Amino acid sequence: MSNPGLADVYLDNNATTQCDPKVVEVMMPYFTEQFGNPSSLHSFGNKVGFALKKARKSVQDLLGAEHDSEVVFTSCGTESDSTAIMSALKAQPERREIITTTVEHPAVLNLCDYLATEGYTIHKLEVDGQGRLDLAKYEALLSDKVAVVSVMWANNETGTIFPVVEMAEMADKAGVMFHTDAVQAVGKIPMNLQDTKIHMLSLSGHKLHAPKGVGVLYLKRGTRFRPLLRGGHQERGRRAGTENVTSIIGLGVACDLAQENMEHENTAVKAMRDRLQEGILAAVPNSFATGDVDNRLPNTANIAFEYIEGEAILLLMNKMGIAASSGSACTSGSLEPSHVMKAMGIPYTAAHGTVRFSLSRYNTMEEVERVIEAVPPIVAQLRKLSPYWGENGPVENPEQAFAPVYA
Amino acid sequence: MWDYSEKVKEHFYNPKNAGALADSNAVGDVGSISCGDALRLSLKVEPETEIILDAGFQTFGCGSAIASSSALTEMVKGKTLDEALEISNQDIADFLDGLPPEKMHCSVMGREALQAAVADYRGEEWVDDHEEGALVCKCFAIDEVMIRDTIKANNLSTVADVTNFTKAGGGCSSCHESIEYILEDELKARGETFAPAGVSIAAAAPTSTPQQPLVSIDTRSSAPAEAAPGAGLYARIKKIEQVLDDIRPALRADGGDVELMDVEGKNIYVNLVGACSGCQMAAMTVGGIQQKLIEALGEFVKVIPVEKKPAAVQMGGAQ
């Protein structure tokens, strides 16, 4: 951004990814000459219909779904989440409970909070200091009153992976529908849904180098379903509304590429992530990685810098041409620091200073080294301003030495 | 990313007076729960004159918290303690060429640190009387605590009431759902049921008579809401005229003027004359007048410029 001669380093791939140029290339004709409506009988529509079919197959392959008709295209991950949860409630009106976790994405959490005001009982599974679930507690909650379990595959902030395959087995055994928000996991974690008891799964195109505005709800054959949008016959009547054809076709290509790069993601990208974390933690005192570091997405490192605030870190990094994101309250304008950090019991003075670095296959080791060099002086600069920080380290008993009157 | 002004960025990237003063004789420590910001302000005060000779800050906080702290230290230097206490949070925000609504509390924190430091110097105990909650109305930077307190104090029961008393919901109206939930909650607490008014909230007549001062983000300007709707058209028009009179000298200095043409519910029709009419800045002027009127009346109003055709205005054809 303001670092002449050097390209910006983008380490915010859990927020969104760059659309792969190959994806864009395949999409282009569908904006112009291939403009037909896939539902039309004539050749304009017909060709587009075949392209959609191909895209559906690509998604099916990446997910390891048994049938291509289990793939329902939607507008985004949030729509997929809402469709899944609302469908489970509508199809089983006698079941009035939902099991989820305290660390879900707002797409699930805010919907559940809203449903609580409508009289549904929401069970939010808590996590430990590393962001892990207690499966015994989960099992105890499963009953014939529960309409659906909705648990994310991997956490967007820390990358922590939940044992959803096992949890789905448990739910299925208890006769309970299981949904997983897998927007961060698809393309990074190999999956074969036909061998699992996962009934519904959400994915989002723009998290895996497809464009924004397209998502998928995987719906295992035989799962009772009620559409969120009713109308035309698109998606076999399960999601009415003319298909976002170009983006769906782009998503198909992105899924093919994700399949090809799965190994790279788990070796080369992982190596860059590990180097980044190790380099920063070695150079910055009073910093630590959050989440379940031995069981997380290969591209994500969430680092807490104690006694400083995340937005200030991001602004200074941005000035150096480095893009990341933070769990601080300030970055969202909300009242609390990240609900994920809070759920893990990360202390206040560290939770506000968490920075999420999320890589992709477009990053290079040179970029990683640049970030390792840039971060320590930024942290030092802000700590110099912090009332919790002395000459060479945190002041003694920081919480007592500076105990402001909180308004 | 936030839309920070150049001034905010300047004070964030190169903060002035960073660090604690070694020889300070007044210290104020305050924090703001939202954003988790906290600020320690240290001042060096000359005992004879009570003039602030130097100021320093230490801040745990975001970009605008650091910028607000830096701005505050620049503003207070050379002032007496009493003069410094005149600085409002709005003054701090203005000094920085404005802050995003979500960040206004950073300026509030600055003002409170100043009060705390002065109290410390004078050996008084500073008690904070301002509680902050989640931001509900982004147009006017009104938080949940303020809305709840105002509902309680004035026995409010509709969204329109809340807008009239706090301004919250008077802009884009996206926060009306949140305000309804708060009302539902507060009404339940006093044993009533929230009965929302059909389709349009704006059309709903206020059900309570304003008695309390209008709550304002700027704690200095607690003007009574004597001209809220329902309080009499005459008083309301008088108030509007008063605001226009205050603005007039500035317009005349540029060779223009403004005239009140008609008042119709929330719509206030004005005629911009002279250099103002047709001027490229006309839209900005109208916006400024509208803002001043909203502040003075304590309700959301719309200022609509019209040509001087009184007959047309009377027929209601001004739009």
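Me: Is the crossing of H3(A) and H4(A) left-handed or right-handed?
Reply: This is a predicted model. In it, helix H3 (residues 77–91) of chain A packs on helix H4 (residues 106–117) of chain A, with the axes 9 Å apart. The crossing of H3(A) and H4(A) is right-handed.

Me: Which residues of H4(A) make the contact with H3(A)?
Reply: By class, the contact has four nonpolar, three polar and one charged residues. H3(A) contributes A:Gly77, A:Thr78, A:Asp81, A:Ser82 and A:Ile85. From H4(A) come A:Ala107, A:Val108 and A:Leu111.

Me: What is the orientation of H3(A) to H4(A)?
Reply: The two helices pack at an angle of about 40°. Angles under 35 degrees would count as roughly parallel, and 65 to 115 as roughly perpendicular. The angle therefore makes H3(A) to H4(A) oblique.

Me: Is A:Leu315 buried or exposed?
Reply: A:Leu315 lies in helix H8 (residues 310–319) of chain A, and touches B:Phe12 and B:Gly63 of the other chain letter, leaving aside residues up to four places away in sequence. A residue is buried if 20 or more other C-beta atoms lie within 10 Å of its own. Because A:Leu315 has 24 other C-beta atoms within 10 Å, A:Leu315 is buried.

Technical notes:
Residues numbered from 1 in each chain as written. Chains lettered and ligands numbered in written order. Predicted model: local features only at pLDDT ≥ 70, side-chain atom pairs only at ≥ 80, totals over all residues. Axes fitted to C-alpha atoms, helices over the stretch in contact; angles between N-to-C directions. Helix = DSSP H or I, 4+ residues; strand = E, 2+ residues; numbered from the N terminus. Parallel < 35°, antiparallel > 145°, perpendicular 65-115°, else oblique. Left-handed = near helix turned anticlockwise from the far one by under 90°. Contact = placed C-beta atoms within 7 Å. Nonpolar A, V, L, I, M, F, W, Y, C, P; charged D, E, K, R; others polar. Buried ≥ 20, exposed ≤ 12 C-beta atoms within 10 Å, placed from the backbone.
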